[in-house]
Amino acid sequence: MLLRLQQAAVPGRLCSLTGELAAGQLLHVAGPNGAGKSTLLSVIAGLQHGSGRVLLDEQPLSHWNSALLARVRGWLPQQQAPLSQMPVWHYIRLHLKQAGTQADARISTLLQRLQLQDKLACSLTRLSGGEWQRVRLAAVCVQIDPHVNSHGRLLILDEPMTALDIAQQKAVDELIADLCAAGISVIASSHDLNHSLQQADRVWLMDRGQVIAQGEPSDVLTPQRLTPLYQVAFRQLELEGRTLLTVLP
């Protein structure tokens with residue numbers, strides 16, 4: 001297993017959790033606002049400490065120095081203001097250990113896929129909300145992309161679809177799928193339950209700082225479990241061979 005949590009907890013914020021994630025899997029962390037998703041992701045990223053252990057490649061996160069950890073895992077926080085007026089290309093290059101022709105080619109490919117190829121020279125402070133989100137995504141993806149970083153293993157994304165339209169969300173989904181196919185494990189928080197049903201390999205469902213269920217999306221995201229959690233009535237539908245969740249009026 002790439003990632004193991006052994007009774008990981010943060011007093012008052014995250015209840016004891018044991019779980020694991022294999023290489024190349026996409027895990028969605030779902031649950032209502034305030035459920036503890038961001039706290040859990042920051043613990044996995046090595047940015048918040050508590051009790052228990054988090055193992056990455058069978059090594060406790062506490063044994064990783066910050067420089068090596070940054071080569072192995074990428075981290076996208078839920079909110080982050082542009083740090084300066086630096087151009088987009090400079091910001092993305094800051095996420096690379098080494099620059100070169102291969103890295104430049106990969107950056108160009110990522111920017112094209114995220115519809116940002118015309119923003120290279122643009123100042124960060126002049127980007128729209130959706131553009132800034134995609135620039136941040138491009139930066140953390142290239143940070144652990146196996147094409148330019150043989151050490152990349154894990155990508156952690158806190159609400160990565162914020163401010164993105166449907167076409168941009170599809171582009172991010174395809175990019176994440178390619179990273180998983182290359183052996184990168186991806187953990188993302190999500191409020192879109194149907195998106196999790198269709199895209200995730202695994203789901204951890206949270207409530208008040210506790211993971212109340214974990215497993216395959218169709219086993220975790222059921223009306224029986226979601227209705228009391230969200231306090232609205234869910235119904236499960238089948239449409240063109242896909243399972244969908246809807247809320248009853």
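Of the contacts in this protein that have a separation of 6 or more, 67% are between residues 24 or more positions apart. The model is a predicted one, and it contains nine helices and 12 strands. For 249 residues, a compact globule would have a radius of gyration near 18 Å, and the protein agrees with this because its own value is 18 Å. Along the principal axes, the C-alpha atoms fill a box of roughly 50 × 45 × 30 Å.

Buried residues make up 51% of the 249 residues, while the protein exposes about 12000 Å², of which carbon and sulfur atoms supply 48%. Helix α1, which covers residues 37-44, is mostly covered, with seven of its eight residues buried; among them are K37, T39 and L40. Just after α1, the residue G46 takes a positive phi of about 85 degrees.

Most residues other than glycine have a negative phi. Q7, in strand β1 (residues 3-10), has a positive phi of about 50 degrees although it is not a glycine, and Q7 is exposed, because its relative accessible area is 55% and the cut-off for exposed is over 50%. R208 likewise has a positive phi, near 50 degrees, and is found in the loop between β9 (202-207) and β10 (210-215). With a relative accessible area of 71%, R208 is exposed.

The charged side chains come next. There are 21 positive and 20 negative side chains, and the centres of the two sets lie 6 Å apart. The structure holds nine salt bridges. In one of these, R93 pairs with D104, with the closest N and O atoms 2.4 Å apart; since R93 lies in helix α3 (residues 88-93) and D104 in helix α4 (residues 101-113), the pair ties together parts that are 11 residues apart in sequence. R93 is partly exposed at a relative accessible area of 26%, and D104 is partly exposed as well, at 34% relative accessibility.

D178 is partly exposed, with a relative accessible area of 38%, and R113 counts as partly exposed at 27% relative accessibility.

A salt bridge also joins E131 to K119, where the closest N and O atoms are 3.2 Å apart. E131 belongs to helix α5 (residues 129-144), whereas K119 sits in the loop between α4 and α5, 12 residues apart from E131. Both E131 and K119 are buried. Elsewhere, R4, E20 and E58 are linked in a network of salt bridges.

Helix α6 (residues 166-181) also holds D173, a residue that is buried yet has no salt bridge, the nearest side chain of opposite charge being K170, 8.3 Å away. Leaving aside residues up to four places away in sequence, D173 touches M161, H195 and Q199.

A70 and L154 are 84 residues apart in sequence, and in space their C-alpha atoms are 10.0 Å apart.

Conventions
Residues numbered from 1 in each chain as written. Predicted model: local features only at pLDDT ≥ 70, side-chain atom pairs only at ≥ 80, totals over all residues. Heavy atoms only, no water. Helix = DSSP H or I, 4+ residues; strand = E, 2+ residues; numbered from the N terminus. Rg over C-alpha atoms; globule rule 2.2 N^0.38 Å. Buried < 20%, exposed > 50% of the residue type's maximum accessible area, 1.4 Å probe, protein only. Contact = heavy atoms within 4.5 Å. Areas by Shrake-Rupley, 256 points an atom, 1.4 Å probe, with all protein chains shown as cover. Lys, Arg positive; Asp, Glu negative; His and termini not counted. Charge placed at Lys NZ, Arg CZ, Asp CG, Glu CD. Salt bridge = Lys/Arg side-chain N within 4 Å of Asp/Glu carboxyl O.
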